[in-house]
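Let's take a walk through a protein model together. Keep the sequence and the picture side by side as you read.

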Amino acid sequence: MKQRILFVDDEPNILKGLQRSLRPLRKVWEMAFVDSGAAALDLLESNEFHVIISDMRMPEMDGAQLLRKVQARWPTMVRIILSGHS
């Protein structure tokens, strides 16, 4: 069974770059890419994912807020912050 990974970032160019660079792994992972925390939560309600990787700095709902919500609703899902900021 393929691992299902959800990537969340409000920057379209970052998402496109991730899609391009991870393309060779599409036979190993099933990947989805969304541009907001709200879109991620909507997708998670109807699809099972094993891992969520989120940008930290996003408008309306930042990565920490999103991952807290994911932890409360799907506690076994692996949660990772991906950020260019220290």
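Here is a short tour, from the whole chain down to single residues.

## Before we start

This is a predicted model, in which local features need pLDDT of at least 70 and side-chain atom pairs count only at pLDDT 80 or more, while totals for chains, interfaces and linings use all residues. Residues are numbered from 1 along each chain as its sequence is written, and side-chain values use heavy atoms, with hydrogens and water left out.

## The whole chain

The protein chain has 3 helices and 4 strands. Helices (H or I, at least four residues) and strands (E, at least two) are DSSP runs, numbered from the N terminus. Follow the sequence and you get the pattern β-α-β-α-β-α-β. The radius of gyration, taken over C-alpha atoms, is 12 Å. The globule rule (2.2 Å times the number of residues to the power 0.38) also gives 12 Å for 86 residues, so the chain is as compact as a globular protein of that length.

Of the 86 residues, 34% count as buried. Here buried means under 20% relative accessible area, exposed means over 50%, and partly exposed is in between (1.4 Å probe, protein chains only). A contact means heavy atoms within 4.5 Å. Among contacts with a separation of 6 or more, 68% come from residues 24 or more positions apart.

## The sheet

In what order do the 4 strands sit in the open sheet? The order is β2-β1-β3-β4, and the pairing is parallel. Two strands pair if DSSP finds at least two bridges between them. At the edges stand β2 (29-34) and β4 (78-82); each has a single partner strand, so one side of each is left without a neighbour in the sheet. Neighbouring strands are turned by 20 degrees against each other on average, direction ignored. For such angles, axes are lines fitted to C-alpha atoms (for helices, over the stretch in contact), and values run from 0 to 180 degrees between N-to-C directions.

Zoom in on strand β1 (residues 3-8): β1 and β2 pair in the parallel sense over 6 bridges. One of the links joins glutamine 3 to tryptophan 29, its bridge partner in β2.

## Helices on the sheet

Helix α1 (residues 12-22) lies across β1, β2 and β4, and runs at about 170 degrees to β2. Helix α2 (residues 37-46) packs on the sheet too, where α2 touches β1, β2 and β3 (51-55) and makes about 155 degrees with the direction of β1.

Which residues of α1 are buried? They are Leu15, Leu18 and Leu22. These cover an arc of only 60 degrees around the axis, which puts them on the same side of α1. The arc is that of the directions from the helix axis to the C-beta atoms. An α-helix has 3.6 residues a turn, so residues three or four places apart point the same way. The buried residues of α1 pack against β1, β2 and β4, while the face turned away carries the exposed Pro12, Asn13, Arg20 and Ser21.

Now try helix α3 (residues 63-73), where Gly63, Leu66, Leu67 and Val70 are buried. Their arc is only 95 degrees around the axis, which puts them on the same side of α3. They pack against β1, α2, β3 and β4. On the other side of α3, Arg68 and Ala72 are exposed.

## Two residues in β4

Isoleucine 81 lies in strand β4 and is partly exposed, at 36% relative accessibility. Leaving aside neighbours within four places in sequence, isoleucine 81 is in contact with Ser54, Asp55, Met56, Gly63, Ala64 and Leu67. Its C-alpha atom is 7.8 Å from that of alanine 64, 17 residues apart along the chain.

Is leucine 82 buried or partly exposed? Leucine 82 is partly exposed, with a relative accessible area of 41%. Beyond neighbours within four places in sequence, leucine 82 is in contact with Leu18, Ile53, Ser54, Asp55 and Met56. Leucine 82 and leucine 6 are 76 residues apart in sequence and 12 Å apart in space, C-alpha to C-alpha.
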